[in-house]
Amino acid sequence: MTATLHFDLGKVVTTVPLIRVLVVEDFAPFRQFICSTLEKRRELQVICEVSDGLEAVEKAGELKPDLILLDIGLPALNGIEAARRIRNLVPEAKIIFVSQESSAEVMQEALSLGAWGYVVKTRAGSDLLPAVEAVLLEKQFVSST
């Protein structure tokens with residue numbers, strides 16, 4: 001986290017580190033929902049949006065985001081394999097899967113790759129920001145199914 005936000009609260013200036021976020025989602029309306037939800041938190045800065053797994057790996061290696069929101073069902077390369085490759089390129093990045101898959105097996109596989117969170121798309125409206133907040137505090141988050 002290299003950049004910071006400065007808030008002038010009267011005579012007190014508060015510095016908050018910017019969290020650089022890569023959003024990986026192939027369905028454009030849902031990708032826009034994710035980005036607009038993240039905009040509610042000033043410290044979250046979406047630095048790139050991509051729609052397939054190969055591009056996610058490329059951009060993660062190039063941009064070195066702090067946080068990656070990653071779908072599983074992606075074209076070109078699925079999110080599970082993309083996460084494996086990203087983990088090798090940017091091991092310090094925190095990954096939160098955001099997927100329609102709600103089976104315990106898929107969630108376990110995703111988390112076994114080192115992901116910090118798993119949000120089921122049907123619960124994203126209520127779970128996305130709490131998941132991000134938990135992960136930024138280095139706590140794991142998994143949507144209830």
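Reader: Which helix sits between β6 and β7 in the β-α-β unit?

Author: This is a predicted model, with local features needing pLDDT of at least 70, side-chain atom pairs counted only at pLDDT 80 or more, and totals for chains, interfaces and linings using all residues. Residues are numbered from 1 along each chain as its sequence is written, and side-chain values use heavy atoms, leaving out hydrogens and water. Helices (H or I, at least four residues) and strands (E, at least two) are DSSP runs numbered from the N terminus. The unit is right-handed (clockwise from first strand over helix to second, strands pointing away from the viewer), and its helix, residues 104-112, is α4.

Reader: How many bridges join β6 to β7?

Author: Strands pair if DSSP finds at least two bridges between them. Here β6 and β7 (residues 117-120) run parallel, and S99 stands opposite V120. The bridge count is four.

Reader: Is β6 buried or exposed?

Author: Buried means under 20% relative accessible area with a 1.4 Å probe, protein chains only. On one side K94, I96 and V98 are buried, and on the other I95, F97 and S99 are too. Six of the six residues qualify, so β6 is largely enclosed by the rest of the structure: buried.

Reader: At roughly what angle do the axes of α1 and α5 cross?

Author: Axes are lines fitted to C-alpha atoms over the stretch in contact, with angles from 0 to 180 degrees between N-to-C directions. The axes of α1 (residues 28-38) and α5 (residues 124-136) come within 10 Å, and the crossing angle is roughly 50°.

Technical notes
Buried means under 20% relative accessible area, exposed over 50%, partly exposed in between (1.4 Å probe, protein chains only).
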